[in-house]
Amino acid sequence: MVTTRTRTAAVLAAAAVVSAAAAPASAASSCAVVWGSTPETVQDRGGGVLDDVRAGRHDCYDRLVLDLAGVDAADVGYDVRYVPAVHEDASGRPVPLRGAADLQVVVHTPAYDGNGAATYDPADDAEAVDVTGYRTFRQVAWAHSFEGSSTVGLGVRARLPFRVLVLDGPGDGSRVAVDVAHAW
């Protein structure tokens, strides 16, 4: 009887070791991405107004979110791409960004209403969103809005894969989410 208990304990201990060894491999594979680093664009759409820019951290990626009021997800137009340098809308001045790669995020939605009043205007254009401590993001800078489009510069630690999602809500609006992976 003692021998059976000892064998059972040994088998259970070995199974626990195998399970523990397998867990990190499955966790690592859950972060495998099939995204790329080439431009993602949806043209000839637009509407509504940009009313907020925010960021969040996830296990496998950092996320930048542009909140758009008054436009359905099906009508959102955007252009997201790595560029040698992000430039301010209208003036063309370069927007300095920390990090080894500059991701330009353009939504075909203005950051002003029909009367020209700003609907999004961060206190500090160079630090539009605080991304201190993020694994991939180094800086989020506001590059302004002009002629119905708004631009955000995203400083990234390296040219990493990204994806763009357009999500419904909240309310009558939608969100453009740009996810940048922590690794290839």
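Is Arg54 buried, exposed or partly exposed? Hi everyone, let me answer that: Arg54 is partly exposed, with a relative accessible area of 35%. For that word, buried is under 20% relative accessible area, exposed is over 50%, and partly exposed is in between, with a 1.4 Å probe and protein chains only.

Some housekeeping before the tour. This is a predicted model, where local features need pLDDT of at least 70 and side-chain atom pairs count only at pLDDT 80 or more, while totals for chains, interfaces and linings use all residues. Residues are numbered from 1 along each chain as its sequence is written, and side-chain values use heavy atoms, with hydrogens and water left out.

Let's start with charges. Side chains of opposite charge can pair when their charged atoms come close. I call it a salt bridge when a side-chain nitrogen of Lys or Arg is within 4 Å of a carboxyl oxygen of Asp or Glu. Searching the whole structure gives 6 of them.

Arg54 is in one, with Asp67 as its partner and 2.8 Å between the closest N and O atoms. Arg54 sits in strand S2 (residues 49-57) and Asp67 in strand S3 (residues 61-69), so the bridge ties together parts 13 residues apart in sequence. Strands here are DSSP runs of E, at least two residues, numbered from the N terminus. Asp67, for its part, is buried, at 9% relative accessible area.

Next, Arg93 and Glu88 form a salt bridge at 2.9 Å, N to O. Arg93 is exposed at 52%, whereas Glu88 is buried at 18%.

Glu127 and Arg98 also pair, again 2.9 Å from N to O. Glu127 is in the loop between S7 (101-107) and S8 (137-146), and Arg98 is in the loop between S6 (94-95) and S7, so this pair links parts 29 residues apart in sequence. Both ends are partly exposed: Glu127 has 33% and Arg98 has 42%.

Now to the inside. By nonpolar core I mean a set of buried Ala, Val, Leu, Ile, Met, Phe, Trp, Tyr and Cys residues joined through side-chain atoms within 4.5 Å. The largest one has 32 residues, and among those touching the most other members are Val53, Leu66 and Leu103. Strand S7 gives the largest share, 4 residues. Beyond four places in sequence, Leu103 has contacts (heavy atoms within 4.5 Å) that include Val80, Tyr82, Leu154, Phe162 and Val178. A separate core of 6 residues includes Val86, Val95, Leu97 and Ala141.

On to the rings. Rings of Phe, Tyr and Trp (its six-membered ring) pair if their centres lie within 6.5 Å; planes under 30 degrees apart are stacked, over 60 edge-to-face, and the rest tilted. The count is 4 aromatic pairs. Tyr120 and Trp142 have centres 4.9 Å apart and planes at 85°, so they are edge-to-face. Tyr120 is buried at 8%, and Trp142 is buried at 5%. Tyr134 and Phe137, with centres 6.0 Å apart and planes at 5°, are stacked; both are buried.

Last stop: charges over rings, meaning NZ of Lys or CZ of Arg within 6 Å of the ring centre and within 35 degrees of the ring normal. Arg57 has its charged end over the ring of Tyr134, 4.8 Å from the centre, and Arg163 does this with Tyr61 at 5.3 Å.
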